[in-house]
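Have the coordinates open while you read.

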Amino acid sequence: MTNIAAAARRRAPIFLVAAFALLPLTERAQAQKPGGSITVGQELDITGFDPLKVGVYDTSTFTAAAAIFDTLTTLNDKGEAAPKLAESWTHSDDYKSWTFKLRQGVKFHDGTPFNAQAFKENFDRQKDPANKCRCAFYITNVKEVLAPDEYTVVYNLTDPSVNLPATITIQSQNNVVHSPTAWKTKGDDYNRNPVGTGPYILKSWTAGDRMVLEKNPNYWDKGRPYLDRIILKPLPDAQSRFASLQSGEADIIWDDENDADNIMKAQKDSKLTVHTYKGSGAQVYAFNTKQAPFDDVRVRQALVMSIDRPKMSQAISNGLSRPASNPYGDGSWVKCKDDGALPFDLEKAKALIKDHGKPVEFKMLVTATPRGRMIGQVLQQFWKRAGANMEIEQVDQATIPPRAFTRQFQLVPWRIVDLADPDPQMYANFRSGSPLALANFVDPELDRLLDHSRVTADPAARIEDYCAISRLINKEAIWFWTFQNTYYALSSARLKGFPKIYNGVIDVSSTWLE
Amino acid sequence: MLNFIVRRLLAILPVLLAVSLLTFLIASLLPGDLAYVILGDQATPENVAALRRDMGLDQPLWWRYLSWLGHVLQGDLGRSFRTGQTVLQAVAERIPVSLQLMLMAEFIGLVIGVPVAIACAARAGGAFDRFMTGSAFAMLSMPSFLMAILLIYLFAVELRWLPATGYVPFSEEPLNNLRFFVLPALTLALAEWPGIMRVLRSDMIATLQEDYIALAKAKGLKPSRILFVHALKPSSLTLVTVTGINIGRLLGGTLIVETIFALPGIGRLLVGAIYTRDLVILQGVVLLVACGFVIVNFIVDMLYAVLDPRIRHGHA
């Protein structure tokens, strides 16, 4: 058995190459049609684009950033890193240094050239302690970015990163490239007058009303983009946002599974298309294992085994939510034969709590939103049946991170978002010493596995590591997962070319109207 | 008359001062630390302490209030830490939207409410009176968000006569601008006219019982003149009061309707500020809305003097 497994692993690369060779034949050419204008209905107002001002981009900002800016790399249809502003890349043996060769002849919307120095200035500006940018938190793993010549960028990392090119594809504040000339000349106004290299240029922006993006006639990718204009409108109310799609005022809208009724209506409407993407990651909850009663593994296991996920899914999203049994989800390339999930078993949960001996009473933080309250109440009911009493503590969304970081919680909701590689979040969430390792649980084997998974390039070996990590976390029940990440966008059937909702980003920069 | 105006203006000053103090206290007493909100995931104890010092949050409350008040009196209500916009800038962009919505809603409400009230009062107790009074109660009972969703479904999704959401400035496309406002204004108006109608109706009925009305009838005046001149004007004092209160409330109270219809008005700005705990915007908007309310009530007081000369001369 061992020999067969080893032989299979050695042959894996050949199988992969063969599979790739076959794929091009199945590509079907689509007739992209230039021209036209679309309106995107978003949940949130965009607050701005200057990383120094806004700190972190949100869902709405991502959509605009994907059109106004470019990233070095992008994800292809198979979820692998593909060239964008960077044409090729190599890494050092220890994966601590990555070298990117930049595309030449690219210009920012203000006419200034995009080159290695421009990229480095973006990075240095965010990293500069004097600027106190919140965005620096997300690039603490990058020691420095160098520009050895005009079209070469070197990332020197503090820790190994096997899949860096895939993780820098998300159009976040750390990855999109701004024009240094623009932010220097515009100062505070740059936040609302962003300049990038992307397929669209910001034409006008009336806060709270609309943002108009127009086609960049000098885009480096000839022939793209297809649409003449993209209009982004904040439509905060889910019902009227959906009504706008039905009545034709919006061509594509953001939605999520808590709005199950409208998603199901859209599925029945031949004029609409429901775009759904099974992302990696999950909605997760962290126990504070340094505080009673969660310092007892039996209590933690009992609570996890009391959760009836299919019923919970029915209660909060008419069954659209997909139960999760590990932090990776079906959308990840990490697929485990055995992820060590604790089964739903109410009787065993009761027995464990009885074995604990003391009353189980605790508070759980939830967001003060209808969604947060509902989830809290459902979990409360499950746990009551097992003999535990949970008190719901409602706080506004902005309060959860500081409470989490200062460990002022017993049970806190969190999310592992869809990323191309599990390393950034698994390492951040579970490595001892990390500010994001909320459970405060220290396990040498867990640390060893997390370290090893980021220094080997062999996918099979990494899968083994990540599945072992899942089994360990599930057994100790230091975090638990309720549902996988499922992303939705609803659009007019006329809208074509909409890509997968990688990282939860609704990217309309490549779309066209039929 | 001048004395009356001066007396009313002097009465406003302490009110405005009290409003500013309450606004400041409310913002300061909200749970949670502002520094944590701004720092988010970088909220280490050292960062929090440094930021609190930078923002003056380590100063005593009274010092902060006087400092803030000093800036306000110079027209500086602060700058949002999220967007970098000044409060005045953010509000100025949105005032036209909220004003238009409020004016259209109030106009439609009055156009429906006043004639109905007069018709009901003219035949108090009749079939029309009972029907409309019942309808008014039904309308009052319906929440505005439900009305909004129903109107959107009917006129935008099914009939496709009007847009479901959105906004176009009047200066750009006047006709389209009005089309976008019909549903939101109607939503608010349908919630407004019952109050207007009931207040005016009961006042009219009371006025029609007065002796001088009987005298006017005895002298042979036309019924329409009695209704619209001798009865309506004396009955309109409370109507003016209610309208003034409605206008004041609508200035800041259209949060739900603006959110549902995605109108970029002051209400939306307020909701956004609450969600993101942008206290600078929150404080500024609340102060401005409160001042607007006070000013509207001042205008109502002036109208009292016009409608009832006895008030103008200080006798009741």
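1. Let's start at the salt bridge: A:Asp45 pairs with B:Arg268, and the closest N and O atoms sit 3.1 Å apart. For the count between chain B and chain A, that comes to 1 salt bridge. Keep in mind throughout that this is a predicted model.

2. Now the interface around that pair. How many residues does each chain bring to the contact? Chain B gives 33 residues and chain A gives 34 residues. About 2900 Å² is buried between chain B and chain A, with carbon and sulfur atoms giving 51% of that area.

3. B:Arg94 belongs to helix H5 of chain B, which spans residues 87–122. Is B:Arg94 buried or exposed? B:Arg94 counts as buried, because its relative accessibility is 5% and the cut-off for buried is under 20%.

4. On to the overall build of chain B. Along the principal axes, the C-alpha atoms of chain B fill a box of roughly 85 × 55 × 35 Å. Chain B has 316 residues, and 45% of them count as buried. Taking contacts in chain B between residues at least 6 apart in sequence, 73% join residues at least 24 apart.

5. The surface of chain B comes next. Chain B exposes about 15900 Å², and carbon and sulfur atoms supply 69% of that. One nonpolar patch on the surface is formed by B:Leu2, B:Val6, B:Leu10 and B:Leu13, which together have about 420 Å² of accessible area. B:Leu2 sits in helix H1 of chain B (residues 2–29). With a relative accessible area of 63%, B:Leu2 is exposed.

6. Disulfides: the structure holds 2 of them over all chains. If you number the bonded cysteines of chain A in sequence order, the pairing reads 1-2, 3-4. As a reminder, a disulfide is a covalent bond between the sulfur atoms of two cysteines.

7. One of the disulfides is formed by A:Cys133 and A:Cys135, with sulfur atoms 2.1 Å apart. Why is this disulfide of A:Cys133 and A:Cys135 called right-handed? The torsion about its S-S bond is about 125°, so the link is right-handed. A:Cys133 counts as buried at 3% relative accessibility, and A:Cys135 counts as buried at 0%.

8. Another disulfide joins A:Cys336 to A:Cys467, S to S 2.2 Å. Here the link is left-handed, with -90° about the S-S bond. This pair ties together distant parts of the chain, 131 residues apart: A:Cys336 is in the loop between helix H10 (309–317) and helix H11 (346–356) of chain A, and A:Cys467 is in helix H16 (residues 459–476) of chain A. A:Cys336 is partly exposed, at a relative accessible area of 22%, whereas A:Cys467 is buried, at 6%.

9. Two cysteines of chain B, for your checklist. B:Cys120 is buried, with a relative accessible area of 0%. B:Cys291 is partly exposed, with a relative accessible area of 22%.

10. Last stop, A:Phe242. You'll find A:Phe242 in helix H7 of chain A, residues 238–247. A:Phe242 counts as buried, at 2% relative accessibility. Which residues does A:Phe242 touch, not counting those up to four places away in sequence? The list is A:Ile253, A:Asn262, A:Lys265, A:Ala266, A:Leu272 and A:Leu490. The C-alpha atoms of A:Phe242 and A:Asp255 are separated by 8.6 Å, with the two residues 13 apart along the chain.

Note on methods: Residues are numbered from 1 along each chain as its sequence is written. Chains are lettered from A and ligands numbered from 1 in the order in which they are written. This is a predicted model: local features need pLDDT of at least 70, side-chain atom pairs count only at pLDDT 80 or more; totals for chains, interfaces and linings use all residues. Side-chain values use heavy atoms; hydrogens and water are left out. Patches are made of residues with over 30% relative accessible area and no salt bridge: like charges are joined within 9 Å, nonpolar side chains (Val, Leu, Ile, Met, Phe, Trp, Tyr) within 5 Å. Accessible areas come from the Shrake-Rupley method with a 1.4 Å probe; for residues, only the protein chains shown count as cover. A salt bridge is a side-chain nitrogen of Lys or Arg within 4 Å of a carboxyl oxygen of Asp or Glu. Helices (H or I, at least four residues) and strands (E, at least two) are DSSP runs, numbered from the N terminus. Buried means under 20% relative accessible area, exposed over 50%, partly exposed in between (1.4 Å probe, protein chains only). A disulfide is a pair of cysteine sulfur atoms within 2.5 Å. Contact means heavy atoms within 4.5 Å. Buried area is the accessible area (1.4 Å probe) that two parts lose on being put together, summed over both.
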